[in-house]
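Hi,

Here is the structure I said I'd pass along. Have a look at it first, and then read on for what turned up.

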Amino acid sequence: MASHKAALLSSVLIVSLFVTFTEARDFMVGGKNDSWKIPSSESDSLNKWAEASRFRVGDTLVWTYDPKKDSVLQVIRKDYETCNTSSPLVTYKDGNTNVKLDKSGPYYFISGADGHCEQGQKLITVVMSMRSHFMGISPAPSPVEFGGPAVAPTSTGGVNLRGSLGLIFGVLTGVILF
């Protein structure tokens, strides 16, 4: 009987850990509301925030901004580098923009407001591959992509309530069984 309980507990814990590592998260861009603005300094850049975050396929980026004054443009790398707003891949103007990251690789975003991109209001996010996603391991973004060193990963910025609840459920199940 004890071996059945141990096997059941192991199964529940494995499923709970799988849910924790594979749960998609919502990331408030910049880590807080109204971060989509011209940065006050290089250290206030949204790319500094993105370097410290780990994005996975299925995660969602969330922007809040005044739609009368700004927009979010998803662009190709060349347009990101030159702040070209004339041919975006996608234009978001609703003030509460959600972009699902549905593939691995870099995503480039710039402000649609005149002159804002040139003053640093832009963002690169690098989405990790599915293999890294499954294992819960995310390598540091390439320094070449950001023009500077990568920052060690942190757990701030993502909302992962269901994954945490799955882990808690697994632990509680183990306690009840023993």
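Let's start in the strands: Y108 has I124 as its bridge partner in β8. Please keep in mind that this is a predicted model.

Y108 sits in β7, and V75 has Y108 as its bridge partner there. At the strand level, β7 pairs with β8 (residues 122-128) through six bridges, in the antiparallel sense. β7 also pairs with β4 (residues 72-75), again antiparallel, this time over four bridges. How many of the seven residues of β7 are buried? Six of them are, so the strand, which runs over residues 105-111, is largely enclosed by the rest of the structure. Y108 itself has a relative accessibility of 8%; the cut-off for buried is under 20%, so Y108 counts as buried.

Now for the rings. A pair of aromatic rings is described by the distance of the centres and the angle of the planes. The count of aromatic pairs in this model comes to seven. One of them is Y80 with Y108: the ring centres are 5.5 Å apart and the planes are at 50 degrees, so this pair is tilted. It links distant parts of the chain, as Y80 belongs to helix α3 (residues 77-82) and Y108 to strand β7, 28 residues apart. Is Y80 buried or exposed? With 7% relative accessibility, Y80 counts as buried.

Y80 has a charged neighbour as well: K122 lies over its face, 4.5 Å from the ring centre.

One more spot to look at is V29, in the loop between β1 (26-28) and α2 (46-51). V29 has a relative accessibility of 2%, so it counts as buried. Which residues does V29 touch, once its neighbours within four places in sequence are left aside? The contacts are S35, L46, W49, L61, V62, W63 and L123.

Cheers

Definitions and conventions: Residues are numbered from 1 along each chain as its sequence is written. This is a predicted model: local features need pLDDT of at least 70, side-chain atom pairs count only at pLDDT 80 or more; totals for chains, interfaces and linings use all residues. Side-chain values use heavy atoms; hydrogens and water are left out. Helices (H or I, at least four residues) and strands (E, at least two) are DSSP runs, numbered from the N terminus. Buried means under 20% relative accessible area, exposed over 50%, partly exposed in between (1.4 Å probe, protein chains only). Contact means heavy atoms within 4.5 Å. Two strands pair if DSSP finds at least two bridges between them. Rings of Phe, Tyr and Trp (its six-membered ring) pair if their centres lie within 6.5 Å; planes under 30 degrees apart count as stacked, over 60 as edge-to-face and the rest as tilted. A charge sits over a ring if NZ of Lys or CZ of Arg is within 6 Å of the ring centre and within 35 degrees of the ring normal.
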